[in-house]
Amino acid sequence: MRSLAVGLLNLSGLGLGYALMGRWYRAALCWAATGGLLLAALPAEPDGVPAGIVVSFLVVLVLTAADGAWTARRSAVGGSWRPLVAAALGLVLLGVPAGGAVVYGSERDEAVQQMLLDRLEKGDRAVAAAAKQSSFAGGRVKYRTALDIYRELGEDHSGSRAGKLVPSRLKAYYKAVSAPYEAKDHCQAVEPLTHLRTVPDSVDAKLLGSLAAWPDEPLAESLYGCGVSKIGDGSDTNDASDGGELGELLRTLPDSAQAKQVGPAVTGKMDEQVKAVRGGEPCAATEVLRRIGATVAAMPDRTVAALSAKADDGVQDGVYACGVDEFKDKKFTEARETLSGFADTYKKDGRRQHARDIVIAAEIAEDRPSAGKRLPPRQGPGGPRMELVLSNDAPNAVEILYTGPVSGSVELKGCGSCKRYSASDGPKLACRASGKRYPKVTLRLPAGEYHFLYKHGTGASADVDSYASGSRVQSGYTYTSCTYVTTESDAAPGLDLPSIPDAIKPASTG
């Protein structure tokens, strides 16, 4: 009984068995072991006491109990204590380590709860910091961090105090991310709402509840509002290949009420620009229509994409109106480029010939601005027409553009046997060699004021200046014109350029 009593007392970890026997050194070792355990265990941590320390302490308890029991059998015990009472006390004191384990477990559970609450707070701070960013992209990483924390707490620790708070935190998360939508900034809202729509891919739908489907309506509204506001304004250029925000709406949420409004909205935008083509800024309106057409053509809905044909018709009218407007504004180079493109692109358009006449007038006006005082008429005047015979006494070909009551161009081949004249011989000898057949053409022109541009070829004749001139064709006369090339021998050093005199020299034939 004495051995049992000492063993039980030592199992309490207090070393009382050794104390009863007066073995104070061994009792001190028990106290040191228990103190070491307390130092390692307190305060309670979520991870608990390391297993090695616990196992070591239990080994010490077993060894001290065995050693105490063995020692008690061989040693006299001083004092008047009774072994039976001591054994009963040892049994009672066994509740000390057991109770300590229970209390420690409770403290550890509380530590775990606090740790989870701290993690929840970390997620809250991440959301608050992300919400202060000027754009969703700037806070994306923090938002993702917070969402990962909420997901883990809500799915893996749903019974904890922190886990029970996750649903309310998710509502706050959705509210923070969708702040641009609440502010009606539809373009800024598209990216964060698209993100919210993907949250159910990583978070349990049961945890999200009604939040799982909530982003659909706001996203449709934002895609529509942003797409309509941007279409044709140039900011959607990079997205024209996929239809921009409106194309995304038709692909992502084709059954939404907003998707059904895309067609009418696009038509309204086109009508505005078609009307603007007939206004004071046809070039700008044409560019807008062109961008709208490119965006609409990329729409995934065939009905909507077919509306691009209306934009194409508007662009066709707009290009013509733009070229005419540029000519009227004396932007002759731009008018020439615009209407040349019109004539090359729209070969069946009834305005093609008039566009080509304006191109001729614009090219002449680049060298002779008086040729651009007014647009060439759509149709030439009636009545008699006078003859203008054009001859070429130059070794290179020449193209002659003319504009006035009528516009056009002719080309004369180079005269193979002809040569360049000196500045003094040209007026006297050009086109006068007897028996020589000069390349020539006869124009029949109504009377009026005309402007001409003589354009020489390339290659060997590229150094010959083009030459512009003007003349008035009167009724009752036949006119002749001879083109030739002179070599300017007394030009400035390094600028040995030939020049061409006025080509129109009307001569009355009676």
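Biologist: What is the strand order in the open sheet of four strands?

Modeller: In this predicted model, the order is β3-β2-β6-β7, and the pairing is antiparallel.

Biologist: Which are the edge strands?

Modeller: They are β3, spanning 408-412, and β7, spanning 467-473; each of these pairs on one side only.

Biologist: And by what angle are neighbouring strands turned against each other?

Modeller: On average the angle is 25°, with direction ignored.

Biologist: Let us take β2 and β6. How many bridges join them?

Modeller: There are six bridges between β2, residues 398-403, and β6, residues 448-456, and the two strands run antiparallel.

Biologist: What is the bridge partner of V398 in β6?

Modeller: V398 is partnered with H456 there.

Biologist: Now the other side of β2. How many bridges pair β2 and β3?

Modeller: Five bridges, again in the antiparallel sense. The two strands form a hairpin, with four residues between them.

Biologist: Which residue of β3 does Y402 stand opposite?

Modeller: Y402 stands opposite G408.

Biologist: Is G408 on the covered or the uncovered face of β3?

Modeller: G408 belongs to the covered face, together with V410 and L412. The uncovered face holds S409 and E411.

Biologist: Changing topic to helices: which strands does α19 lie across?

Modeller: Helix α19, residues 352-367, lies across β2, β3, β6 and β7.

Biologist: At what angle does α19 run to β2?

Modeller: The angle between α19 and β2 is about 100°.

Notes. Residues numbered from 1 in each chain as written. Predicted model: local features only at pLDDT ≥ 70, side-chain atom pairs only at ≥ 80, totals over all residues. Heavy atoms only, no water. Pairing = 2+ DSSP bridges. Axes fitted to C-alpha atoms, helices over the stretch in contact; angles between N-to-C directions. Contact = heavy atoms within 4.5 Å. Buried < 20%, exposed > 50% of the residue type's maximum accessible area, 1.4 Å probe, protein only.
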